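Me: I would like to learn how to read a few features of a structure. Please take them one at a time.

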Amino acid sequence: MSCYVISVLNQKGGVGKTTLSVNLAGAFHEAGVKVMLVDSDPQGSARDWHAASEGTSGFPVIGLDRDTLATDLPHIVGDHQLVIIDGAPQVTRLAAAAIKTSDLVLIPVQPSPYDLWAAADLVDLVKTRMSIDDNLRAAFLVSRAIKGTKLSGEVAEVLKGYELPVLNSGTTQRVAYASTASEGKTVLSGASAASDEIRAIRTEVCNIIGI
Ligand code: ADP
Ligand code: MG
């Protein structure tokens, strides 16, 4: 499949997977990349967002919440250059299928040791796949950080133990993420601190996957 696939995974709910997926897809669309968003969560939050957008998103959002995702995806990508998979809140065969089909796994984590410990199973799954797939990349992204607070030593310590890179860019806790989502929009319309965060993530991701 000549298309880049980024999965946004974390079995924990509420860490910002859907928020990141939707906004990152919007950011790539804004940059002229033909992007498709795949909603792998049976809850269908990204599909709900797309319905609320009433056709203004500019990119398709497709539900693919089966563990055959890896084999189904090549049949539906068409001429899209980039697929972003919004992950489901469980480490299941679905997550394994998403990892298998990905070039990059992004793991959004809220900066608390509990949230990081909860990511251990996912990290194992990603690393197992990395051991047989030289091209797979993975990184943590700090999500919903409280602005102005530094990562605690404990958080940094747990992250270091996982031996996966942590993006320099991430998101902080901002009302704009929730308020735009409820209207089926992204934070990208107009200049804002939230849009700066999302564009910085896009830049860093581009550097990692080389697009
Ligand atoms: P997940 O997909 O991991 O379950 P969501 O993206 O649905 O997480 O986010 C959970 C809730 O937190 C949503 O109500 C969303 O609007 C809100 N949220 C996510 N990221 C942020 C952020 N950076 N700032 C403020 N609220 C956020
Ligand atoms: Mg979600």
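Me: Which residues in helix 3 meet which residues in helix 4?

Reply: This is a predicted model, in which local features need pLDDT of at least 70, side-chain atom pairs count only at pLDDT 80 or more, and totals for chains, interfaces and linings use all residues. Residues are numbered from 1 along each chain as its sequence is written, chains are lettered from A and ligands numbered from 1 in the order in which they are written, and side-chain values use heavy atoms, with hydrogens and water left out. Helices (H or I, at least four residues) and strands (E, at least two) are DSSP runs, numbered from the N terminus, and contact means heavy atoms within 4.5 Å. Here Leu69, Ala70 and Leu73 of helix 3 meet Leu94, Ala97, Ala98 and Thr101 of helix 4. By class, this contact of helix 3 with helix 4 has six nonpolar residues, one polar and no charged. Ala, Val, Leu, Ile, Met, Phe, Trp, Tyr, Cys and Pro count as nonpolar, Asp, Glu, Lys and Arg as charged, and the others, Gly among them, as polar.

Me: At what angle do the axes of helix 3 and helix 4 cross?

Reply: Axes are lines fitted to C-alpha atoms, for helices over the stretch in contact, and angles run from 0 to 180 degrees between N-to-C directions. Angles under 35 degrees count as roughly parallel, over 145 as roughly antiparallel, 65 to 115 as roughly perpendicular and the rest as oblique. The axes of helix 3 (residues 69-76) and helix 4 (residues 93-101) come within 8 Å and cross at roughly 50°, so the two helices are oblique to each other.

Me: Is threonine 171 buried or exposed?

Reply: Buried means under 20% relative accessible area, exposed over 50%, and partly exposed in between (1.4 Å probe, protein chains only). Threonine 171 has 10% relative accessibility and therefore counts as buried. Threonine 171 sits in the loop between helix 7 (153-162) and helix 8 (175-182). Leaving aside residues up to four places away in sequence, the residues that threonine 171 touches include Arg144, Tyr177 and Glu197.

Me: Which residues lie nearest the centre of the largest pocket?

Reply: Rolling a probe the size of a water molecule over the atoms shows where empty space is left. The largest pocket is lined by 24 residues, and Gly14, Val15, Gly16, Thr19 and Arg144 lie nearest its centre. Helix 1 gives the most to this lining of the largest pocket, with four residues. By class, the lining of the largest pocket has seven nonpolar, twelve polar and five charged residues. A pocket is an open set of points on a 1 Å grid over the protein atoms alone, with protein on both sides within 12 Å along at least five of seven lines, and lining residues have an atom within 4 Å of a point.

Conventions. 1 Å grid on protein atoms, 1.4 Å probe; cavity = no way out; pocket = protein on both sides within 12 Å on 5 of 7 lines; lining within 4 Å.
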